[in-house]
Amino acid sequence: MSGSDAREDGARLMAAIAAGDRAAMAALMDRHARGLRGVAARYLGSEEEAEEIVQDAFLRAWRHAARYDPAKAAVSTWLYRITVNLCVDRRRRSAFRQFVGLEAAGGEEMLADPSPGAEAQLAARSQLAAARGALLRLPARQRMAILLSAVGELSTQEVAAVLETSQGSVEQLLVRARRRLREELNRAKDVTR
Amino acid sequence: MKREQGTPEREEDRALDALLRTAAASDADEAATRQAVMARLAEPQGTARWFEWLPPLDARTAGAAFAVLMLSAGLGGYALPDLLGGVVEDWQLLNLASGSTAAIEGSFGLGGGRG
């Protein structure tokens, strides 16, 4: 399916959802849930939180389907935009709750700087675990850009639309993210040799 | 959607992206997600109970939290609604702005002896 066909198809799906068609909603989830979950899970470092985010994103899509404008963005871009906003809100809320003492600090801090315990050492032997850890240590904006590009398979233009920035900025974010990830993964390889 | 632009040109970038896709893969139950969303679609759309994430607070703690919010907004250069927007949904700013203790307690769900 070409890009314009995909957009027209997405627009038809969203029009059906706006009219209350639940089968269309199920089809939307079948198409996009996996990608959205992958981005949210690796951005937040939590499968449980990602599940909540994905459900909330689809609920928002259902409630605001009539606002979707196919002239502005593809459905996937629109959904990723909703998901990114929810992820950023979640992170900000968690940081604030830690700041006022309503939530124990740790989560991301621990993920960002894993202790060299036996479990971490075991996990570090896995290339996938190393990749997940390296992703979590990226600055938030680099992390989101590379996830949208690599996992969401969005174009640079689409990532720019989701992050509300220029294509040039996205390219910079991607270059820095890939360079840093490669450095981290090479270091992890050296440690396990 | 397949990208039309921005495809990594270098082999090592493509390999890295493939690794990230694998790292992001999940064995989550897609059908369970769909069922959960469908069930939630049937729920009435009332006011968001944003305060559910708060533990029970007494009036003093609620007041202190609000003072911290104001201070954070001032120090961080944020507009208070922006700051609150990341913390709560459906914030009853007008209640807080009114300065009424009862209204603030209401905002925190402290009515009915919760505090």
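**Figure 1. Helix H2 against helix H8 in chain A of the predicted model.** In this predicted model, H2(A) packs on helix H8 of chain A, residues 140–151, at an angle of about 150 degrees. The two axes lie 10 Å apart. Angles over 145 degrees count as roughly antiparallel, and H2(A) and H8(A) are therefore roughly antiparallel to each other. H2(A) passes H8(A) in a right-handed crossing. From H2(A), the contact takes in Gly35(A), Gly38(A), Val39(A), Arg42(A) and Tyr43(A). H8(A) contributes Arg143(A), Met144(A), Leu147(A), Leu148(A) and Val151(A). By class, the residues of this contact of H2(A) with H8(A) are six nonpolar, two polar and two charged.

**Figure 2. Helix H2 against helix H3 in chain A.** The axes of H2(A) and H3(A) are 8 Å apart, and the helices pack at an angle of about 140 degrees. That angle makes H2(A) oblique to H3(A). Their crossing is right-handed. On the H2(A) side, the contact is made by Met25(A), Leu28(A), Met29(A), Ala33(A), Leu36(A), Arg37(A), Ala40(A), Ala41(A) and Leu44(A). On the H3(A) side, the residues include Glu47(A), Ala50(A), Ile53(A), Val54(A), Phe58(A) and Trp62(A). The contact of H2(A) with H3(A) has 15 nonpolar residues, no polar residues and four charged ones.

**Figure 3. Helix H2 of chain A meets helix H2 of chain B.** H2(A), residues 22–44, and H2(B) have axes that come within 10 Å and cross at roughly 140 degrees. H2(A) passes H2(B) in a right-handed crossing. Arg22(A), Ala26(A), Met29(A), Ala33(A) and Arg34(A) are the residues of H2(A) that take part. They meet Glu30(B), Thr33(B), Arg34(B), Val37(B) and Met38(B) of H2(B). Sorted by class, the contact of H2(A) with H2(B) has five nonpolar, one polar and four charged residues. Met29(A) and Ala33(A) belong to this contact and also to the contact of H2(A) with H3(A).

**Figure 4. The side of chain B that touches chain A.** In the interface, 32 residues of chain B are in contact with 44 residues of chain A. Helices H1 (11–24), H2 (30–41) and H3 (59–76) of chain B each supply at least two residues of the side of chain B that touches chain A. H1(B) gives the most, with nine residues. By class, this side of chain B has 16 nonpolar, seven polar and nine charged residues. For the complex, the predictor gives an ipTM of 0.76 and a pTM of 0.67.

**Figure 5. Chain B and the confidence of its prediction.** The secondary structure of chain B comes to six helices and zero strands. Of its 115 residues, 10% count as buried. Among contacts in chain B between residues at least 6 apart in sequence, 58% join residues at least 24 apart. The average pLDDT of chain B is 63, and 40% of the residues score at least 70. Over residues 1–5 of chain B, pLDDT stays under 50, and the model has 14 contacts beyond four places in sequence for them. Over residues 107–115 of chain B, pLDDT likewise stays under 50, with 22 contacts beyond four places in sequence.

**Figure 6. Helix H9 of chain A.** Helix H9 of chain A covers residues 156–163, and six of its eight residues are buried, so H9(A) is largely enclosed by the rest of the structure. The buried residues are Thr156(A), Glu158(A), Val159(A), Ala160(A), Ala161(A) and Val162(A). Just after H9(A), Glu164(A) takes a positive phi of about 55 degrees.

Figure 7. Leaving aside neighbours within four places in sequence, Tyr68(A) is in contact with Met14(A) and Trp78(A). Tyr68(A) and Ala11(A) are 57 residues apart in sequence, while their C-alpha atoms are 8.1 Å apart in space.

Technical notes. Residues are numbered from 1 along each chain as its sequence is written. Chains are lettered from A and ligands numbered from 1 in the order in which they are written. This is a predicted model: local features need pLDDT of at least 70, side-chain atom pairs count only at pLDDT 80 or more; totals for chains, interfaces and linings use all residues. Two residues are in contact if their C-beta atoms, placed from the backbone, lie within 7 Å. Helices (H or I, at least four residues) and strands (E, at least two) are DSSP runs, numbered from the N terminus. Ala, Val, Leu, Ile, Met, Phe, Trp, Tyr, Cys and Pro count as nonpolar, Asp, Glu, Lys and Arg as charged, and the others, Gly among them, as polar. pLDDT is the predictor's confidence in each residue, from 0 to 100. A residue is buried if 20 or more other C-beta atoms lie within 10 Å of its own, exposed if 12 or fewer, and partly exposed in between; C-beta atoms are placed from the backbone. Axes are lines fitted to C-alpha atoms, for helices over the stretch in contact, and angles run from 0 to 180 degrees between N-to-C directions. A crossing is left-handed if the near helix is turned anticlockwise from the far one by less than a right angle, and right-handed if clockwise. Angles under 35 degrees count as roughly parallel, over 145 as roughly antiparallel, 65 to 115 as roughly perpendicular and the rest as oblique.
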